[in-house]
Amino acid sequence: MLEGGEMRILVLGAGATGGYFGGRLAAAGRDVTFLVRPERAGQLATTGLVIRSPAGSISTPVSTVTGDELAARYDLVLLTCKAYDLDEAIEAISPGMGAAAVVLPLLNGMRHLDVLDRAFGAARVMGGLAKITATLQGGEVHHLKALHTLAYGTRRPEQAGIVAALAADWQDVGFDAEASPDIVTEMWEKWVLIAALAGSTCLMRAALCDIVAEPLGESLIVMMIGEAAAIATAAGHPPRPGPLGFVRELLTDRTSTMMASMLRDLEHGHRTEADHILGDLLERGGRANIDAP
């Protein structure tokens with residue numbers, strides 16, 4: 001899969017998450033190309049990819065390709081689209097995937113894995129997740145908090161080689177790259193967090209501090225965490241005590257102004273990932289006879 005020891009990486013889009021991790025990789029000298037629309041390609045050709053970050057701001061030239069120019073030459077595809085754009089994303093990246101190319105998706109939840117497995121085969125779809133707060137403003141990636149972790153790992157034995165290659169290559173790339181020994185469990189643990197955060201803040205239309213200030217607010221959040229954890233356990237991936245304790249502490253912090261990005265999307269009339277993050281979780285819970293009111 002690797003030619004001359006260099007991995008060729010395709011990043012779909014140059015938005016907040018893909019732009020951040022792909023931009024850091026490009027600045028660190030890795031072979032990265034962004035698949036973008038013509039307007040974004042022109043902007044990046046003029047300004048480079050600009051990242052404003054507490055970890056150090058950068059402006060770096062990047063390679064881009066548009067859909068009509070895409071050829072099957074890439075070894076790894078970094079997929080950071082919204083869940084509701086997944087079908088379109090699969091269509092976009094397919095022409096760029098080499099014969100043994102692997103997809104590394106950083107979407108929340110688990111439904112996207114089933115969709116990607118059907119499109120490319122499970123052996124070519126890794127597990128992955130991003131821990132970052134970032135947004136795209138005026139074409140620049142604004143990284144808002146210090147946390148910037150990209151975790152990845154195998155879902156099938158055939159992926160051990162590329163995980164080892166990434167672990168060796170993604171050193172000193174400007175973010176925390178973590179090869180996880182159990183990436184699927186980590187994905188479920190993040191799903192528990194995201195579902196409880198989105199469920200509570202969207203239901204109450206409020207930040208966490210305002211919810212837990214109410215008499216029954218904290219118990220509502222704890223119940224949502226418990227329901228999500230029960231569904232994860234029924235699926236064979238019980239959250240570990242440490243991460244689960246962290247979720248409870250984070251979401252019941254009486255000083256936290258955190259709210260889900262889904263709430264911001266909801267309030268601005270944008271599309272949301274509610275079906276992917278909440279609907280799919282409830283559907284899986286129903287199949288396992290988990291009561292999740």
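If we leave aside its neighbours within four places in sequence, leucine 251 is in contact with Leu193, Ala196, Leu197, Leu208, Val212, Ile221 and Ile225, where contact means heavy atoms within 4.5 Å. Before I go further, this is a predicted model, in which local features need pLDDT of at least 70 and side-chain atom pairs count only at pLDDT 80 or more, while totals for chains, interfaces and linings use all residues. Residues are numbered from 1 along each chain as its sequence is written, and side-chain values use heavy atoms, with hydrogens and water left out.

Leucine 251 sits in helix α9; helices (H or I, at least four residues) and strands (E, at least two) are DSSP runs, numbered from the N terminus. With a relative accessibility of 0%, leucine 251 counts as buried, buried being under 20% relative accessible area, exposed over 50% and partly exposed in between, with a 1.4 Å probe and protein chains only.

Let me turn to the helix pairs. Two packed helices are described by the angle between their axes and the distance between the axes. Helix α8 (residues 217-234) and helix α9 (residues 241-251) pack at an angle of about 155°, with their axes 10 Å apart; the axes are lines fitted to C-alpha atoms, for helices over the stretch in contact, and angles run from 0 to 180 degrees between N-to-C directions. α8 and α9 are therefore roughly antiparallel to each other, on a scale where angles under 35 degrees count as roughly parallel, over 145 as roughly antiparallel, 65 to 115 as roughly perpendicular and the rest as oblique. Their crossing is right-handed, and a crossing is called left-handed if the near helix is turned anticlockwise from the far one by less than a right angle, and right-handed if clockwise. Ile221, Ile225 and Ala229 of α8 make this contact with Leu244, Val247, Arg248 and Leu251 of α9. By class, the contact of α8 with α9 has 6 nonpolar, no polar and 1 charged residues; here Ala, Val, Leu, Ile, Met, Phe, Trp, Tyr, Cys and Pro count as nonpolar, Asp, Glu, Lys and Arg as charged, and the others, Gly among them, as polar.

How do the axes of α6 and α11 cross? They come within 9 Å and cross at roughly 110°, and that makes α6 roughly perpendicular to α11. α6 passes α11 in a left-handed crossing. The contact is made by Trp188, Trp191, Ile194, Ala195 and Gly199 of α6, and by His276, Ile277, Leu278, Asp280, Leu281 and Arg284 of α11, and by class it has 7 nonpolar, 2 polar and 2 charged residues.

Just after α4, glycine 121 takes a positive phi of about 95°.

Next, the helices with a buried face. In helix α2 (residues 38-47), Arg40, Ala41 and Leu44 are buried. Seen down the axis of α2, these buried residues fall within an arc of 105°, so they line one face of the helix, the arc being that of the directions from the helix axis to the C-beta atoms. An α-helix has 3.6 residues a turn, so residues three or four places apart point the same way. On the other side of α2, Pro38, Glu39, Ala45 and Thr46 are exposed, whereas the buried residues of α2 pack against β3 (49-52), β5 (63-65) and β8 (127-137).

Helix α5 (residues 160-169) has Ile162, Val163, Ala165 and Leu166 as its buried residues. They cover an arc of only 160° around the axis, which puts them on the same side of α5. Their cover includes β6 (74-79), β7 (97-105), β9 (140-153) and β10 (176-179).

Finally, a loop residue: alanine 206 lies between α6 (183-204) and α7 (208-212). Alanine 206 is buried, with a relative accessible area of 15%, and, neighbours within four places in sequence aside, it is in contact with Thr201, Ile211, Met259 and Leu263.
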